[in-house]
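Take a look at the chain below. What can be read from its fold, its helix pairs and its backbone?

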Amino acid sequence: SRSDDRNARITRLVRPAVQAVQAYHVPPAQGMVKLDAMENPYPWPGELRDAWLAALADVSANRYPDPTAAALKAQLRRDGGVPDAAGLLLGNGSDELIQLLALALGGEGRVVLAPGPGFAMYRLIAAFTGLEYQEVPLADEDFALDEGAMLAAIARHQPTVIYLAYPNNPTGNAFDAAAMEAVIEAAPGVVVIDEAYEPFCGRTWMSALERYDHLLVMRTVSKMGLAGLRLGYLAGHPDWLAQLEKCRLPYNINVLTQASATFALEHGDRLRAQTDSLRAERERLFEALQVRDGLQQVWPSEANFITFRTQPGRAGGVHASLRENGVLIKNLDGSHPLLSDCLRVTVGTADENARFLVALDAAIG
Ligand code: PMP
């Protein structure tokens, strides 16, 4: 039959590694208190929105975007404290930069190494590009980087790429700096420090680019409040970036994103006020979670989310109960051996966090 023929062709032709992975799932969130994806919950004040829309009136849609995104890069460089000697590469979100790294550095027999639990996209993209993914477990209790295990894995696998998320998702902690340095120094390939949550942490590896030519620092505007624009950047030695540039599609950053991100970053003080407020909300939420008897453990966070552990076997039920009460968070249970019974909540507005806590009490009570 027609469907048998279609399925047979798909099975025969789609690369086995692609067939084997589960599609990245984004759950529907219409009308929910959305605390599952580390977004900034605050809209722009009305007058800023008006000024943004006025700025977009100068954008032409008939021409391709500036392939060098010069104005935007200059703004990112200033804001990000990128060393003068470093280059910049832009991606359609940092997700696309992870894909670009895999396109340039991937291939059978090559290894990507990262501590785990970590950001799912490193593994997923490795699978698509024939890279072997090696994970080194974090310490059980506090999710610390296991320096000895990392160095042993580096010696054994000689990884082409090492990812270190700082702070780490989904654990929220920023690894010990001396352990990070030891990994960087031992690495035979490139080390990518993923600073997606830098706006909530404050500490950065950007200045370490002056010391290490095989280090790349990756950032995104997503968590600072511009997730809808899809823009990430990679800073590092220009010789490395020149190779990665070859794999970048020429017009990956569209005209609306270039104009909007440049505009938004010119008003970066507004975004920084929002992230400051989220940091304060994070501390309040952390304290509120810590006193809940119905939870086993709550981990401190330097990002805009908090990971916590329910009583044994309860994570799925708590997650579902929250959803029924209109609050969407992330269920981490089953995603990794170290995350059994764990859930992750993004820090929202004071009102959203309060609604979450009410729904949580109903769920664990
Ligand atoms: N890195 C980390 C550690 C993340 O948690 C995320 C988003 N969840 C990203 C990168 C991707 O961010 P984006 O593609 O929106 O820039």
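Of the 365 residues of the chain, 39% count as buried. The model is predicted.

**Overall shape**

How does the radius of gyration of the chain agree with that of a compact globule? With 365 residues, a compact globule would have a value near 21 Å, and the chain has 21 Å, so the two agree. Along its principal axes, the C-alpha trace spans about 60 × 55 × 55 Å. The chain has 14 helices and 13 strands. Take contacts between residues at least 6 apart in sequence: 72% of them join residues at least 24 apart.

**Two helix pairs**

Start with helix α7 (residues 147-157) and helix α8 (residues 177-186). Their axes come within 10 Å and cross at roughly 10°. Angles under 35 degrees count as roughly parallel, so α7 is roughly parallel to α8. On the α7 side, the contact is made by E147, M150, L151 and I154. On the α8 side, A179, A182, V183 and A186 take part. By type, the residues of this contact of α7 with α8 are 7 nonpolar, no polar and 1 charged.

Now turn to helix α13 (residues 315-324) and helix α14 (residues 350-364). These two pack at an angle of about 135°, with their axes 9 Å apart. That angle makes α13 oblique to α14. The crossing of α13 and α14 is right-handed. Which residues of α13 and α14 meet? From α13 come V318, S321 and L322. From α14 come A359, L360, A362, A363 and I364. The residues of the contact of α13 with α14 divide into 7 nonpolar, 1 polar and no charged.

Here are the two pairs side by side.

| Helix pair | Angle | Axes |
|---|---|---|
| α7 and α8 | roughly 10° | within 10 Å |
| α13 and α14 | about 135° | 9 Å apart |

**Backbone exceptions**

Most residues other than glycine have a negative phi, and most peptide bonds are trans. Some places in this chain depart from that pattern.

Begin with the peptide bonds. Where does P117 lie? P117 is in the loop between β3 (111-116) and α6 (120-128). The peptide bond from G116 to P117 is cis, with omega near 5°. A cis peptide bond also joins Y166 and P167, and its omega is about -5°. P167 is placed in the loop between β5 (161-165) and α8.

Next, look at phi. A69 is not a glycine, yet its phi is positive, near 45°. A69 is found in the loop between α3 (46-56) and α4 (70-80). Does A69 count as buried or exposed? A69 has 24 C-beta neighbours inside 10 Å, so A69 counts as buried.

R230 is not a glycine either, and R230 has a positive phi of about 55°. R230 lies in the loop between α9 (222-226) and β8 (232-236). Why does R230 count as buried? A residue is buried if 20 or more other C-beta atoms lie within 10 Å of its own. R230 has 20 C-beta neighbours inside 10 Å, so R230 counts as buried.

Notes
Residues numbered from 1 in each chain as written. Predicted model: local features only at pLDDT ≥ 70, side-chain atom pairs only at ≥ 80, totals over all residues. Axes fitted to C-alpha atoms, helices over the stretch in contact; angles between N-to-C directions. Helix = DSSP H or I, 4+ residues; strand = E, 2+ residues; numbered from the N terminus. Parallel < 35°, antiparallel > 145°, perpendicular 65-115°, else oblique. Left-handed = near helix turned anticlockwise from the far one by under 90°. Contact = placed C-beta atoms within 7 Å. Nonpolar A, V, L, I, M, F, W, Y, C, P; charged D, E, K, R; others polar. Rg over C-alpha atoms; globule rule 2.2 N^0.38 Å. Buried ≥ 20, exposed ≤ 12 C-beta atoms within 10 Å, placed from the backbone.
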